[in-house]
Amino acid sequence: MRALANFVMQGPYQALAAACVLGALSQFVLPLALFCCGIIALCVLSRSDSYWLIVLIGTALVVYISSLFVESRPGLETPVVLFLLVPLAASAKVLRVTQSQSLAIMVAAVFAALLAVSIQVVSGDAAQWWANWLEGAVEGVKGATYQGFEADGTLRLMNGLVAMMFGFAVTSSLLIGRWMQAALYNPGGFAEEFYRVRYPIYALGVLGVVLIVTAVLSEALLYDLLLVFTMPFFFHGMAVLHCTVDVSERSKNYLLPPYLLLFVMPQYAIVGMAFLGMADIFLNFRKAVYKRKDHDSN
């Protein structure tokens, strides 16, 4: 990754080449979209506006043109990279100006919320819209049906889940870019900055007011925003977890169970971490850990 970051920082055309290759390949291997966008984030964080705009616009054009010659996956006619670029650039710009990962992650959550609201407003019935999408997405997949989503109630949450995953994708790409920047120019700085991810109590209050107003307007949209706003507090909880393990000098093996849970049962891991983040607003676990370390060192 450091070698890739070095190559990207040699000039806008090197960055453009790397982003275009990863963006085009992401149509076959979807996770590569995060690394393509991570390159964009690195450029926004480290270079001038003209530099990163060349990379962003050029990548968007090349990925779009390449998609015309590639058989798209059912339900993914437009490459995922194209949806992520603008929210990612905005979040990265906020991070560059404020040096606050907390605020940048919240910007990503706002874009995710706007996505959920837009689909609800434009479609008039987001659940039916996603039912139609799923019907096309599972076409040609042997044994796959969309009725299972309807039977277990997932279809009702589909709009919020997709919006939340959109927010996760933007944030993950942003953090990849920040990590590469730190690896080049500030070794160890990424962890120190991530440990400071924390939302004040008034942020929880503002989100609470938004949810109350939303509940009056639309029950479906309320569920969507509840899922979307879980995302920033998930990263808050992850910051608490990583900081606690690092500062208390515990083995990194303590991080394995929550990460395994994230892969095996992500719904429980995401909600659990989000609750940890919200609890930290009131209890400030990291302050207690730092105090304990100072006491032990004395």
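## Aromatic pairs

Seven aromatic pairs turn up in a search of the whole structure. Rings of Phe, Tyr and Trp (its six-membered ring) count as a pair if their centres lie within 6.5 Å; planes under 30 degrees apart are called stacked, over 60 edge-to-face, and the rest tilted. The model is a predicted one, in which local features need pLDDT of at least 70 and side-chain atom pairs count only at pLDDT 80 or more, while totals for chains, interfaces and linings use all residues. Residues are numbered from 1 along each chain as its sequence is written, and side-chain values use heavy atoms, with hydrogens and water left out.

One of the pairs joins Trp130 and Trp133, edge-to-face, at 5.3 Å centre to centre and 80° between the planes. Because Trp130 and Trp133 are three residues apart in helix H7 (residues 126-137), about one helical turn separates them. Helices (H or I, at least four residues) are DSSP runs, numbered from the N terminus.

Helix H13 (residues 230-247) packs on helix H15 (residues 266-283) with the axes 6 Å apart and at an angle of about 75°. H13 and H15 are therefore roughly perpendicular to each other. Axes are lines fitted to C-alpha atoms, for helices over the stretch in contact, and angles run from 0 to 180 degrees between N-to-C directions. Angles under 35 degrees count as roughly parallel, over 145 as roughly antiparallel, 65 to 115 as roughly perpendicular and the rest as oblique. The contact (heavy atoms within 4.5 Å) includes Phe233, Phe234 and Leu241 of H13 and Ile270, Met273 and Ile281 of H15. Its residues divide into 12 nonpolar, four polar and one charged. Here Ala, Val, Leu, Ile, Met, Phe, Trp, Tyr, Cys and Pro are nonpolar, Asp, Glu, Lys and Arg charged, and the others, Gly among them, polar.

Helix H14 (residues 256-264) and H15 cross at roughly 130°, and their axes come within 5 Å. H14 and H15 are therefore oblique to each other. Pro258, Leu261, Leu262, Phe263 and Val264 of H14 meet Pro266, Ala269, Ile270 and Met273 of H15. This contact has nine nonpolar, no polar and no charged residues.

## Cavity and pocket

There is one cavity of 30 Å³ or more, and the largest cavity holds about 130 Å³ of space. Among its 13 lining residues, Gln27, Arg73, Leu76, Thr78 and Pro79 are the closest to its centre. The lining comprises five nonpolar, five polar and three charged residues. On a 1 Å grid over the protein atoms alone, a cavity is a set of points where a 1.4 Å probe fits but cannot get out; a pocket is an open set with protein on both sides within 12 Å along at least five of seven lines; lining residues have an atom within 4 Å of a point. Grid points are joined across faces, edges and corners, and a volume is the space filled by probe spheres set on the points.

The second largest pocket has about 170 Å³ of space. Its lining includes Ser100, Met106, Arg198 and Tyr202. Helix H6 (101-123) and helix H11 (201-217) each supply at least two of the lining residues, and H11 gives the largest share, four residues. By class, this lining has eight nonpolar, two polar and one charged.
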